[in-house]
Amino acid sequence: MKKWIPRLLKPVLPKKKKSEDIPSPPQNETQVQPLSTNLSDNLALLKNRFQNSMDVTFRQFNIDFKSPKRALIVYIEGLVDTAAIKSDILEPLMYDFTSIQAENSDQSNLLTWIRDSALPNNRIPEAHSIEDAVQGILTGQSAFLLDGFDSALLICTQGGEYRPIEEPDTESVVRGPREGFTENITVNTALLRRKIRDSNLKIEGLKLGTHTKTQIHIAYLNGVVNPKLVTEVKQRLQRINIDSILESGYIEQLIEDSPNSIFPTIGNTEKPDVLASKILEGRIGILVDGTPFVLVVPHLFLEVFESAEDYYSRPYYSTAVRLIRFVAFIIAILLPSIYIALESFQPEMIPTDLLFSMAGSREGIPFPAYVEVLIMGIIFEIMREAGIRMPRPIGQAVSIVGALVLGEAAVRAGIVSDPMIIIVALTAISSFVISSLGDAIPLLRVFFLICSASLGVFGVLMGILFVLTHLLKLRSFGVPYLAPIAPGNRESLKNILIILPTWALRKRPRILGTEDPIRQNSGKPSPEK
């Protein structure tokens, strides 16, 4: 049987316009300007570049080297560790310099000697232009300039306040690591390195955004990932031409295959262990500075029903929980539409006693069933949004009290029926089980509601066929979105509905086209005779 290899497709984009009709993002009009050997001229250039910026500090001091030399340090308060500047730059050069300088040092190589012998920093790159010096200062480095030299030392003194490592609220677990990514990309890459201690873990960087110049890291496991996938990810990222990248969601919308679909074709996570497991399967992680949400590609539809905890616990209970997630997804999108279809179009399919009970509860209700669902759905979304946006203690109180008071008042006023309250409550609770599809589930629910209100059960079936057809057309970086169901793969299907023990998971997902398909050869454990 011919081995199926995923096709790496380019994202579906609208037809290109003529180049003169496409507005380009604003670019910096400044040209590359080299540094001067005169310290006063460099100081004037830097002050002109940072004019009216009160957080930029220009610290001038003298270095006693045979004859006093003027020096300058430029940094931004809040982006640097001021204690490191004092201990690693000022003290060695102002107080200890005369005692540690070499006797054969001369004026011509003084800056190089300071970099190699006087400053105890790990990385000290050089900048030969004003633009390079400014970019280094904006990233938290301290620019050191010396009179008589046309280059600057960019000393790594990044610091400031960052959010500590905490358990992410969106991916809570009972068993497993509780650490989560932060807004600092350096901390995030270190957390990933702690999970995968392999030199084949490659982390490549680039900057996106003409104004923000946001640092982006691409993480993958060399020797496992498909090289074509790495090339495709790099090409899509390099095609991005935008003025700012403030969150990973910007990149997600600019590189996805199907921008008009409601289903996410690019995954995201806040947990290092989840990202590590995806990379070990042959996927690629995209880390963005300033956000704890890391993008993962390719992303398949069935991954929304998975949890990292499934593989940390016993497989039997994890299998039952995964089946519950599938049931919860069906309830969240189809329960209101099925209720409307049966109550309005096919009441003969409802048991007689239940039908009489439903008819009695609807007595005096002025609205049809689908209007009841719309009213309660809108009220629920309002309460959910209020609970999210308000402070956490107040938001929880608003959600609980609002649901109880409004639900009871709506039934007493005869606006909605008792069964409708149960239907909407069960639907709302089920939608929280699949949090990664939180954007798509409400839209799917409304779509099936329209189908059922128009054609009943037949309309619901037609809507299901339409959604399945749409899912079959989707791709995530060339990989079919419904894989391994379509196209089918017997080996990968073993771990969809039923979670296998760790010793049975010998191979990586074939659908990803990895270079090394074997995960482990431990075999089934057996006691010694």
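Helix 5 is followed by Gly140, whose phi is positive, near 100°. Helices here (H or I, at least four residues) and strands (E, at least two) are DSSP runs, numbered from the N terminus. The model before us is a predicted one: local features need pLDDT of at least 70, side-chain atom pairs count only at pLDDT 80 or more, and totals for chains, interfaces and linings use all residues. Residues are numbered from 1 along each chain as its sequence is written, and side-chain values use heavy atoms, with hydrogens and water left out.

Let me stay with helix 5. Within this helix, residues 130-138, the buried positions are Ile130, Glu131, Ala133, Val134, Gly136 and Ile137. Buried means under 20% relative accessible area, exposed over 50%, and partly exposed in between, with a 1.4 Å probe and protein chains only. These buried residues pack against helix 1 (39-49), strand 2 (67-76), strand 3 (126-127), strand 4 (141-146) and strand 5 (152-156). Contact, throughout, means heavy atoms within 4.5 Å.

Because 5 of its 5 residues are buried, strand 5 is largely enclosed by the rest of the structure. Ala152, Leu154 and Cys156 are buried on one side, and Leu153 and Ile155 are buried on the other. Strands of a sheet pair through backbone hydrogen bonds, either parallel or antiparallel. Two strands are taken to pair if DSSP finds at least two bridges between them. Strand 5 runs antiparallel to strand 4, with 5 bridges joining them, and Gln141 stands opposite Cys156. The hairpin of these two strands has 5 residues between them, and there Gly148 takes a positive phi near 100°. With strand 3, strand 5 pairs in the antiparallel sense over 2 bridges; here Ala127 is opposite Ala152.

Strand 6 and strand 7 (residues 214-221) pair over 8 bridges in the antiparallel sense, and Lys207 has Gln215 in strand 7 as its bridge partner.

Where does Arg283 lie? Arg283 is in the loop between helix 9 (272-281) and strand 9. Arg283 counts as buried because its relative accessibility is 3%. Its side chain joins that of Glu303 in a polar contact of 2.9 Å. A polar contact is a pair of N or O atoms within 3.5 Å; within protein, one must be able to donate a hydrogen and the other to accept it, and residues adjacent in sequence count only if both atoms are side-chain atoms.

Finally, the cores. A nonpolar core is a set of buried Ala, Val, Leu, Ile, Met, Phe, Trp, Tyr and Cys residues joined through side-chain atoms within 4.5 Å. The largest has 24 residues, of which Phe263, Phe301, Phe305, Phe329, Leu437 and Leu471 touch the most other members. Helix 10 (315-344), helix 15 (440-455) and helix 16 (457-473) each supply at least two residues of this core. Helix 10 gives the most, with 6 residues. Apart from this core lies another, of 22 residues, among them Leu110, Leu119, Phe144 and Leu153.
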